Amino acid sequence: MPAKSTEFRRGLYAAAAFVAALGVVAAPLSDTIEPLPGMIPAATPTNLYSEAGANHSSPAVAGALPRVYVPNVRSNEVYVIDPAKMAVVDRFPIGRMPQHIVPSWDLQTLWVTDNGWRRSEGSLVPIDPKTAKPGPPIHVEDPYNLYFAPDGRSAIVVAERLRRLDFRDPHTLALQQSVPIPECAGINHADFSIDGSYAIFTCEFSGTLIKLDLKSRQVIGRLNLAPEVSVQNTPPVGAAPEPPFEGSSAAPPLRPDVGGDSDDKLVDPASAFCGSSWGMPQDIRVSPDGKLFYVADMLADGVFLVDGDAFKQVGFIPTGIGTHGLYPSRDGTKLYVSNRGSHTVRRPKPHGPGSVSVIDFATKEVVANWPIPGGGSPDMGNVSADGNVLWLSGRYDDVVYAIDTSNGTVTAIPVGEEPHGLTVWPQPGRYSLGHTGNMR
């Protein structure tokens with residue numbers, strides 16, 4: 001019986017890999033994609049991060065207070081950290097489930113994506129970086145994440161539960177166009193090609209990627225990532241894969257407004273479903289030369305390499321348990337990878353085996369691994385303006401980590417409940433493509 005079960009499991013993996021091999025549905029690049037008109041081109045073709053180098057700040061961020069902004073999903077508030085003091089200096093309430101702090105394309109505003117508890121709820125809350133104070137919220141349906149088109153003409157609201165991308169005016173947030181993405185359960189993170197012609201979005205709950213032509217705003221490709229099996233995520237012998245959830249558009253358990261503190265009642269509806277048994281792609285970042293996209297996968301425990309133009313999986317780099325966030329170094333030579341230490345989104349116990357891995361862009365190899373002392377759950381964040389500190393939220397430990405990028409030394413700062421997509425501000429760069437600071 002055990003041998004038969006093992007063969008069954010191998011067959012499942014083989015079938016998944018076969019499906020992945022057929023998973024690209026895209027026309028030839030030359031026939032479908034043109035560079036996005038009006039965008040600011042890369043100053044250095046071999047390093048699209050060259051203008052986001054250490055202390056290479058735009059005049060647009062003059063007067064911005066040096067701060068780290070931390071959205072806390074469960075306690076519905078934003079904490080503000082002074083990085084010079086390594087201490088919390090302010091906090092204010094924000095809606096119901098703030099997820100990310102997102103710099104605007106023109107670097108003038110920081111937007112809090114207040115996801116809300118239901119699909120029709122939510123808002124974007126502006127923060128003035130010169131005062132570190134919030135302004136009045138603007139109602140926007142289901143803003144889990146926020147990006148900006150490379151030409152600066154549109155904000156792209158990632159409406160995860162609605163399986164939709166909403167293109168909006170980058171200042172007023174008036175709706176320009178809604179693009180349904182029904183095939184992308186858990187649409188989540190994105191990055192953009194070096195010429196701005198397309199974006200690749202991760203589909204957390206279906207284990208896939210979609211490729212979006214930014215000129216036509218149409219999906220031109222879908223890629224199923226082939227399974228990469230680590231020691232940690234291999235199913236028990238004989239176990240069939242769990243049926244994948246159909247994404248967060250289904251009605252999840254909701255936290256009541258008043259009373260109760262059980263984990264069941266505190267489930268985050270935007271991440272209440274655990275997705276595909278074979279993969280759970282998270283953050284995505286393009287290589288400095290624009291040729292490869294690095295895709296963090298929380299179940300595969302590593303980073304997939306995808307040729308963006310051909311839209312083809314070409315490699316995999318093992319990193320650590322629960323691979324989640326990706327942040328280029330200020331000199332564009334390395335990629336910091338946060339490994340959250342868990343495969344579940346249902347709030348595991350604190351002090352898990354979280355770590356940070358450092359990938360060399362040139363060799364595509366891990367050159368350092370930094371475990372969180374005593375365990376932890378490093379999630380999302382960014383690198384300081386001088387490149388010396390990697391700031392990450394400790395998602396399930398209710399702290400923020402300030403990590404010395406020279407040696408991995410960690411300082412932990414207590415914050416609210418379940419910190420998520422923090423940002424460091426100001427950051428170098430000419431403009432922001434969104435998330436926690438995808439700077440170009």
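Visitor: So a salt bridge means a side-chain nitrogen of Lys or Arg within 4 Å of a carboxyl oxygen of Asp or Glu. Which residues here are linked in a network of salt bridges?

Guide: This is a predicted model, so keep that in mind throughout. In it, R74, R340, D379, R395 and E418 are linked in such a network.

Visitor: And how many salt bridges does the count come to?

Guide: The count comes to 14 salt bridges. In general, side chains of opposite charge can pair when their charged atoms come close.

Visitor: What does R96 form a salt bridge with?

Guide: Its partner is E121, and the closest N and O atoms of the two are 3.8 Å apart. This pair links distant parts of the chain, 25 residues apart: R96 is in the loop between β3 and β4, while E121 is in the loop between β5 and β6.

Visitor: Is R96 buried, partly exposed or exposed?

Guide: R96 counts as partly exposed, at 30% relative accessibility. E121 is partly exposed too, with 23%.

Visitor: Okay, next one. Which side chain meets R164 in a salt bridge of 2.9 Å?

Guide: That is E141, with the 2.9 Å taken from N to O. R164 sits in strand β11 and E141 in the loop between β8 and β9, 23 residues apart. R164 also forms a salt bridge with D166, where the closest N and O atoms are 2.8 Å apart.

Visitor: You mentioned β11. What order do the strands of its sheet have?

Guide: The order is β9-β10-β11-β12, an open sheet of four strands with antiparallel pairing. β9 and β12 stand at the edges with a single partner strand each, so one side of each is left without a neighbour in the sheet. On average, neighbouring strands in this sheet are turned by 20° against each other, ignoring direction.

Visitor: How many bridges join β10 to β11?

Guide: Five bridges join them, and the two strands run antiparallel. For example, I156 has F167 in β11 as its bridge partner.

Visitor: Which strands form a hairpin with M86 in the turn?

Guide: β2 and β3 do, with four residues between them, and M86 has a positive phi of about 55°. Six bridges join β2, residues 77-82, to β3, residues 87-93. In that pairing, V80 stands opposite D90.

Visitor: Changing topic: which residues form a disulfide?

Guide: C184 and C203 do, with their sulfur atoms 1.9 Å apart. A search of the whole structure finds one disulfide. C184 lies in the loop between β12 and β13, and C203 in strand β14, so the pair ties together parts that are 19 residues apart in sequence.

Visitor: Is that disulfide left-handed or right-handed, and why?

Guide: The torsion about the S-S bond is about -110°, so the disulfide is left-handed. As for burial, C184 has a relative accessible area of 0%, and C203 likewise has 0%, so both are buried.

Visitor: Last bit, the whole protein. How many helices and strands are there?

Guide: There are two helices and 29 strands. Of the 440 residues, 60% are buried. The accessible surface comes to about 16,100 Å², and 56% of that surface belongs to carbon and sulfur atoms.

Technical notes:
Residues are numbered from 1 along each chain as its sequence is written. This is a predicted model: local features need pLDDT of at least 70, side-chain atom pairs count only at pLDDT 80 or more; totals for chains, interfaces and linings use all residues. Side-chain values use heavy atoms; hydrogens and water are left out. Buried means under 20% relative accessible area, exposed over 50%, partly exposed in between (1.4 Å probe, protein chains only). Accessible areas come from the Shrake-Rupley method with a 1.4 Å probe; for residues, only the protein chains shown count as cover. Two strands pair if DSSP finds at least two bridges between them. Axes are lines fitted to C-alpha atoms, for helices over the stretch in contact, and angles run from 0 to 180 degrees between N-to-C directions. A disulfide is a pair of cysteine sulfur atoms within 2.5 Å.
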